[in-house]
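Student: I've got a new structure to look at. Can you walk me through it?

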Amino acid sequence: MSRADATAESTTATDPADNGAARPTDDDVISLSDVTFGYTATPVVEDVSLDIAAGEYVAVVGPNGSGKSTLMKLMLGLLRPDVGETRLFGEPARRFDDGERVGYVSQHASAAKEMPITVREVVKMGRFPHVGFGLLSADDWRIVDEALATVGMSDFADRRITKLSGGQRQRAFIARALASEADLLVLDEPTVGVDAESVEAFYDLLEALNGDGITVLLIEHDLGAVVDHAERVVCLNREVYFDGPTDEFVESDALARAFGTAVGLGGDGGGDR
């Protein structure tokens with residue numbers, strides 16, 4: 001689904017008491033309203049309001065320590081805001097328990113190097129929200145194999161995860177999310193440590209999945225990749241400096257204001273809190 005289609009389907013309601021302010025609708029996958037959070041007395045994220053509609057491909061960018069990963073945790077209900085409200089699929093994020101609807105891929109694919117299991121076993125975990133830890137049915141295994149095929153990992157299904165490259169491991173974890181039949185795919189700097197050729201193929205895969213209707217939320221330090229692939233950019237440095245279409249982001253001065261200096265579109269140097 002294109003961003004325009006998603007926007008058209010998620011037209012927000014207004015209320016005179018809200019002075020015309022947009023209010024989230026049932027089509028919003030993620031909704032934040034006036035959210036502030038800090039690990040100490042100093043806010044890491046301050047006064048953030050945004051809605052992500054079903055089918056969007058949204059990238060969150062910002063300098064190191066800008067609050068990108070913290071914002072993601074707030075969106076997923078892993079942190080409770082000090083002020084404001086976060087909703088996930090229309091429910092308060094902290095109470096959301098429909099885990100199969102959210103697939104998460106972290107930047108720490110290297111951690112999988114210590115897992116003595118096969119790729120198919122990793123992807124099988126995606127079915128656990130549906131079947132618990134019981135035996136998978138023939139239909140469950142079909143979904144697992146289809147997920148492997150979608151990400152181009154069928155030939156590696158019986159290979160131990162320890163024997164894969166970083167890019168292959170990330171594909172395996174995306175397949176796990178697909179096997180769970182997730183509606184939202186959240187990726188936290190997923191290409192850290194992945195070679196350049198695999199990175200391009202990885203983003204081609206994300207575009208294809210988004211084209212199939214999966215909502216993609218990408219936390220990314222590689223600004224070039226964001227400009228090339230995301231439809232919408234949220235530029236954050238504690239507060240939101242820009243939220244809109246990628247082409248408008250490129251033409252704006254949001255980068256300079258958020259980073260406090262001129263920044264090229266080749267990347268901002270990595271990690272985040």
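Tutor: Let's begin with a term. Accessible areas come from the Shrake-Rupley method with a 1.4 Å probe, and for residues only the protein chains shown count as cover. The accessible surface of the protein comes to about 12,400 Å². Carbon and sulfur atoms hold 46% of that surface.

Student: What kind of model is this?

Tutor: This is a predicted model, where local features need pLDDT of at least 70, side-chain atom pairs count only at pLDDT 80 or more, and totals for chains, interfaces and linings use all residues. Residues are numbered from 1 along each chain as its sequence is written, and side-chain values use heavy atoms, with hydrogens and water left out.

Student: How many helices and strands are in the protein?

Tutor: The protein has 10 helices and 12 strands. Both are DSSP runs numbered from the N terminus: helices are H or I with at least four residues, strands are E with at least two.

Student: What share of the residues is buried?

Tutor: Buried residues make up 48% of the 273 residues. Buried means under 20% relative accessible area, exposed means over 50%, and partly exposed lies in between (1.4 Å probe, protein chains only).

Student: Which residues have the most contacts inside the largest nonpolar core?

Tutor: They are Val 119, Val 123, Ile 174, Leu 185, Leu 187, Leu 206 and Phe 249, in a core of 50 residues. Helix H6 (residues 166-179) gives the most to this core, with seven residues. A nonpolar core is a set of buried Ala, Val, Leu, Ile, Met, Phe, Trp, Tyr and Cys residues joined through side-chain atoms within 4.5 Å.

Student: What does Leu 206 touch?

Tutor: Leu 206 touches Tyr 57, Ile 174, Leu 185, Leu 187 and Val 216, not counting residues up to four places away in sequence. Contact means heavy atoms within 4.5 Å.

Student: Leu 71 is in a helix, I think. Which residues of H2 are buried?

Tutor: Lys 68, Ser 69, Thr 70, Leu 71, Met 72, Leu 74 and Met 75 are the buried ones. That is seven of the eight residues in helix H2 (residues 68-75). Just after H2, Gly 77 takes a positive phi of about 80 degrees.

Student: Now the sheet. What is the strand order?

Tutor: The order is E8-E9-E10-E5-E11-E12, in an open sheet of six strands with mixed pairing. Its edge strands are E8 and E12 (239-245), and each pairs on one side only. Two strands pair if DSSP finds at least two bridges between them.

Student: How many bridges join E9 to E10?

Tutor: Five, and the two strands run parallel. Asp 188 stands opposite Ile 219 in E10.

Student: Where does H6 lie?

Tutor: H6 lies across E8 and E9, at about 170 degrees to E8. Axes are lines fitted to C-alpha atoms, for helices over the stretch in contact, and angles run from 0 to 180 degrees between N-to-C directions.

Student: Switching to charges. How many salt bridges are there?

Tutor: A search of the whole structure finds 12. A salt bridge is a side-chain nitrogen of Lys or Arg within 4 Å of a carboxyl oxygen of Asp or Glu. One of them pairs Arg 101 with Asp 183, with the closest N and O atoms 2.7 Å apart. The two residues sit 82 residues apart, Asp 183 being in the loop between H6 and strand E9 (184-188).

Student: Are Arg 127 and Asp 140 buried or exposed?

Tutor: Arg 127 is buried, at 4% relative accessibility. Asp 140 is buried too, at 6%. Their side chains meet in a salt bridge (2.9 Å, N to O). Arg 127 lies in the loop between helix H3 (119-124) and helix H4 (128-131) and Asp 140 in helix H5 (residues 138-150), so the pair ties together parts 13 residues apart in sequence.

Student: And what about Arg 257?

Tutor: Arg 257 forms a salt bridge with Asp 253, at 3.0 Å between the closest N and O atoms. Arg 257 is partly exposed at 42% relative accessibility, and Asp 253 is partly exposed at 45%. Elsewhere, salt bridges that share partners join Glu 56, Arg 232 and Asp 243 into one network.
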